[in-house]
Amino acid sequence: MIQLTATPVSALVDEPVHIRATGLIPFQMVSFQASLEDENGDMFYSQAHYRANEFGEVDLNHASSLGGDYMGVHPMGLFWSLKPEKLLTRLLKRDVMNRPFQVQVKLYDLELIVNNKVASAPKASLTLERWYVAPGVTRIKVREGRLRGALFLPPGEGLFPGVIDLFGGLGGLLEFRASLLASRGFASLALAYHNYEDLPRKPEVTDLEYFEEAANFLLRHPKVFGSGVGVVSVCQGVQIGLSMAIYLKQVTATVLINGTNFPFGIPQAQTAKAGGNISVSKEEAWKPVGP
């Protein structure tokens, strides 16, 4: 009897899954196919082809894919190779607290697949849950003064290191990275700074005092320890994250993803420094920082 198993069936999205097929004919060629429907109803697909061993088993932790969307030994290949059915569709998780992404994995006889179209029912299938938040993580909506965002706290009394999470040009409030950071022990503030609620849709200047307020808000929380916070930023947010690291004494660590190595593009209206605020002209703000 053909069986398809996965361990664990339900887990955080950044946790590895061990997928294995048994009960096959020795050296049988099979195709694993994965699919995911996002919150907008858009579909994402991946596939990989394998040859069973002499015992009629395929273990994705050890077996090498012979074709499909990737080749070689990639235990999580079916996940990272998921592609949108509609070109340029981006996979984003909005509701991190209430429901996971569900990934369906199906096993087919490769000989019954013609031109990437399945000609028969799957030999076996299963559904995996991929969560963006661990049990016990708390989400608190933030509307304090000008600040808009969501604070995620790990389970327990703390104290926890604090992190501010910034995304880029999409705007709005994206929470999936902050919720994962909280699942790993960080008090994480997903901070919106444009195109969200009453915030400017497309600000002409970056007001660093807003981000200083966010750092102070996080440091005041009774479950956050230390005298400094970290910043994780991506794309357009990198310019802000880098400026925070340069000018704000409250920021003691920063991770910059897919951005420039100096601030440019959006002038900074106010820049905070130890001992008070200093005004920065638009001309000065456009200059690279450093020698």
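**Figure 1. The whole protein at a glance.** Of the 291 residues of the protein, 47% count as buried, where buried means under 20% relative accessible area, exposed over 50%, and partly exposed in between, with a 1.4 Å probe and protein chains only. This is a predicted model, in which local features need pLDDT of at least 70 and side-chain atom pairs count only at pLDDT 80 or more, while totals for chains, interfaces and linings use all residues. Residues are numbered from 1 along each chain as its sequence is written, and side-chain values use heavy atoms, with hydrogens and water left out. The secondary structure comes to five helices and 21 strands; helices (H or I, at least four residues) and strands (E, at least two) are DSSP runs, numbered from the N terminus. Among contacts (heavy atoms within 4.5 Å) between residues at least 6 apart in sequence, 62% join residues at least 24 apart. The accessible surface of the protein comes to about 14,700 Å², and 54% of that belongs to carbon and sulfur atoms; accessible areas come from the Shrake-Rupley method with a 1.4 Å probe, and for residues only the protein chains shown count as cover.

**Figure 2. An open sheet of three strands.** Here you can follow the order S1-S3-S6, with antiparallel pairing. The edge strands are S1 and S6, each of which pairs on one side only. Two strands pair if DSSP finds at least two bridges between them. Strand S1 (residues 3–7) is joined to strand S3 (residues 18–22) by five bridges, and the two run antiparallel. Look for Thr 7, which stands opposite His 18 in S3, and for Ala 6, whose bridge partner in S3 is Ile 19. S3 also pairs with strand S6 (residues 58–59) in the antiparallel sense, over two bridges. There, Arg 20 has Asp 59 of S6 as its bridge partner. Strands of a sheet pair through backbone hydrogen bonds, either parallel or antiparallel.

**Figure 3. Two cis peptide bonds.** Pro 8 is found in the loop between S1 and strand S2 (10–12). Another cis peptide bond joins Gly 158 and Leu 159, with omega about 10 degrees. Leu 159 has its place in the loop between strand S14 (147–153) and strand S15 (162–166).

**Figure 4. The largest pocket.** About 460 Å³ of space lies in this pocket. Of the 24 residues that line the pocket, Ser 35, Leu 36, Glu 37, Met 43 and Gln 102 are the closest to its centre. On a 1 Å grid over the protein atoms alone, a pocket is an open set of points with protein on both sides within 12 Å along at least five of seven lines, a cavity is a set of points where a 1.4 Å probe fits but cannot get out, and lining residues have an atom within 4 Å of a point. Grid points are joined across faces, edges and corners, and a volume is the space filled by probe spheres set on the points. Strand S4 (29–37), strand S5 (43–51), strand S8 (83–84) and strand S9 (101–109) each supply at least two residues of the lining. By class, the lining divides into eight nonpolar, seven polar and nine charged residues; Ala, Val, Leu, Ile, Met, Phe, Trp, Tyr, Cys and Pro count as nonpolar, Asp, Glu, Lys and Arg as charged, and the others, Gly among them, as polar.

**Figure 5. The second largest pocket.** This pocket holds about 300 Å³ of space. Among its 14 lining residues, the closest to the centre are Val 13, Phe 79, Leu 91, Phe 101 and Tyr 132. Helix H1 (77–80) and S9 each supply at least two residues of this lining. The lining has twelve nonpolar, no polar and two charged residues.

**Figure 6. The largest cavity.** A search of the whole structure finds two cavities of 30 Å³ or more. About 70 Å³ of space lies in the largest cavity. Its lining includes Asp 165, Phe 167, Leu 191, Tyr 193 and His 194. The lining residues divide into six nonpolar, four polar and one charged.

**Figure 7. Positive phi outside glycine.** Leu 88, in the loop between S8 and S9, has a phi near 70 degrees. Leu 88 is exposed, with a relative accessible area of 78%. Asn 195 has a positive phi of about 55 degrees although it is not a glycine. Asn 195 is found in the loop between strand S16 (187–192) and strand S17 (206–207), and at 38% relative accessibility Asn 195 counts as partly exposed.
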